[in-house]
Amino acid sequence: MAEMVRTKNVGLRGITVADTKISFIDGEKGVLIYRGYRIEELAANSSYLETAYLLLIGRLPSKSALREFEQEITAARELPDYVYESYKTWPRDADPMDVMQASVPLFAMSDPDISGESREANQRMAIRLIARLPIAMAAWHRIRQGLEPLKSDEELSHAANFLWLLHGKKPDEDVARDLDVCLILHADHTFNASTFACREVVSTRAHMYAGVGAGVGALSGSLHGGANARVMRMLLNLESEKDLPAWVRRQMDSGQRIMGMGHAVYKTMDPRARVLKEMAYRIGEKTGQEKWPKMTTLIEKTATDEFEKRGKTDIKPNVDFYSASVYHMMGIPMDLMTPIFAISRIAGWCAHIIEEKFAEAQEKPALYRPKAEYVGNYCGLLGCSYEPPAERG
Ligand SMILES: CC(C)(COP(=O)(O)OP(=O)(O)OC[C@H]1O[C@@H](n2cnc3c(N)ncnc32)[C@H](O)[C@@H]1OP(=O)(O)O)[C@@H](O)C(=O)NCCC(=O)NCCS
């Protein structure tokens, strides 16, 4: 007998909605590939900007193409003055993800390519977005502390410049490289919720910024990019907890989720988490802060055992589990952890937006329009009769 496939109310799990040439996940084996290259290979050898080029253009750049791409990004590292002026009037306790989401249409308002329909125009917008999101977040962080935003340093790499703008001091080379690797690891992940949001929005022929605004909103949720900050909050709250395993068991017994564990696609350890775990221990050792990765590992071990006892053998650490400690040890404030995810994922979002708009993996563009089954009030096709308010019971 044919197997019944549930397609409703499962959050599109297991349902293939489109073809893509950008990235691939094998959730059973824990493999993530960008345009044919394994994530571990890119993390070991590439840079974030080279990876962004790979995602956007579809192949690794030649030396001169990479140089040109880096120069274009460097040249776009500034925000229109009205953005800074605007930030100065916003509530200082605003959530940085809200600030980021509100900034995206502000950038759109003065983008000279906004009405451009070509791939080249969209690539130029992508370059500006990749260059500007980190600058916007660093500027917001300074302004909310009552400080003036700093100017980008064109000698610095993408990640190093962000750290400079954020902290006001030139970063250690190893820290900048580690952040760059984090950006590579988060740059794309097939049809995750935020990428799907971007693609769905631009399938209406809305512009790239409209898609990206939706992506930022989707990423902010605690089940998506918001998990890294929640992992860090969990670790900080547990800093003085004597019996971590008992806490994990209590958490699970009361039906609470352990942030940073489990994934909609991976049924084994997320390959990005493997790289980040090693990085967290290395940074911890170097900076004398090993307690954070050690606590994370203890939670991982206890939770894995407990999940197994409860028949859930496939809930393993995801990308957010160890990235929380990594960012914390780099001095990144908790509420900027999810924005950093966006600062990286912008490359993937833009690549998917371009693929969607120009139907690069399918015959022609198609507006997303799924169906829903109506299960609400129904009085037949003639409809219910309208009663004036005074006559309603
Ligand atoms: C990411 C996530 C939403 C994916 O979940 P999913 O595979 O779609 O599956 P569901 O949310 O339907 O969960 C399936 C079951 O596992 C449990 N579960 C999944 N992740 C869990 C977690 N981190 N802690 C405790 N229980 C978890 C659910 O409670 C559910 O149990 P039930 O069947 O008894 O109701 C989920 O693992 C989660 O909430 N993780 C924590 C948040 C997080 O780290 N998000 C970042 C993702 S990169």
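Buried means under 20% relative accessible area, exposed means over 50%, and partly exposed lies in between (1.4 Å probe, protein chains only). The views below show a predicted model, in which local features need pLDDT of at least 70 and side-chain atom pairs count only at pLDDT 80 or more, while totals for chains, interfaces and linings use all residues. Residues are numbered from 1 along each chain as its sequence is written, and side-chain values use heavy atoms, with hydrogens and water left out.

**View 1. Ser194 is a buried residue of helix 9.** Ser194 lies in helix 9 (residues 193-202); helices (H or I, at least four residues) and strands (E, at least two) are DSSP runs, numbered from the N terminus. Because its relative accessibility is 0%, Ser194 counts as buried. Leaving aside residues up to four places away in sequence, Ser194 touches Gly215, Ala218, Leu219, His224, Arg345 and Trp349, where contact means heavy atoms within 4.5 Å. Its side chain makes a polar contact with the side chain of Trp349 at 3.0 Å, and a polar contact of 2.8 Å joins it to the side chain of Asn192. For this term, a pair of N or O atoms must be within 3.5 Å; within protein, one must be able to donate a hydrogen and the other to accept it, and residues adjacent in sequence count only if both atoms are side-chain atoms. Ser194 and Ala342 are 148 residues apart in sequence, yet 9.7 Å apart in space, C-alpha to C-alpha.

**View 2. Helix 9 has several buried residues.** They are Ser194, Thr195, Ala197, Cys198, Arg199 and Val202. What covers them includes helix 10 and helix 16 (337-357).

**View 3. Helix 5 packs against helix 10.** Helix 5 (residues 96-109) and helix 10 (residues 208-219) meet at an angle of about 180°, their axes 9 Å apart. That makes helix 5 roughly antiparallel to helix 10. Angles under 35 degrees count as roughly parallel, over 145 as roughly antiparallel, 65 to 115 as roughly perpendicular and the rest as oblique. Axes are lines fitted to C-alpha atoms, for helices over the stretch in contact, and angles run from 0 to 180 degrees between N-to-C directions. From helix 5, Met97, Met100, Gln101, Val104, Phe107 and Ala108 meet Tyr209, Val212, Gly213, Val216, Gly217 and Leu219 of helix 10. The residues of this contact divide into 9 nonpolar, 3 polar and no charged. Here Ala, Val, Leu, Ile, Met, Phe, Trp, Tyr, Cys and Pro count as nonpolar, Asp, Glu, Lys and Arg as charged, and the others, Gly among them, as polar.

**View 4. Helix 5 also packs against helix 16.** The angle between these two helices is about 35°, with their axes 8 Å apart. Pro96, Met97 and Met100 in helix 5 meet Thr338, Pro339, Ala342 and Ile343 in helix 16. By class, this contact has 6 nonpolar, 1 polar and no charged residues.

**View 5. Cys379 and Cys384 form a disulfide.** Their sulfur atoms are 1.8 Å apart, and a disulfide is a pair of cysteine sulfur atoms within 2.5 Å. A search of the whole structure finds 1 disulfide. The torsion about the S-S bond of Cys379 and Cys384 is about 80°, so this disulfide is right-handed. Cys379 is partly exposed, with a relative accessible area of 43%, and Cys384 is partly exposed, also with 43%. Cys198 is in no disulfide; the nearest cysteine sulfur, that of Cys350, is 7.7 Å away.
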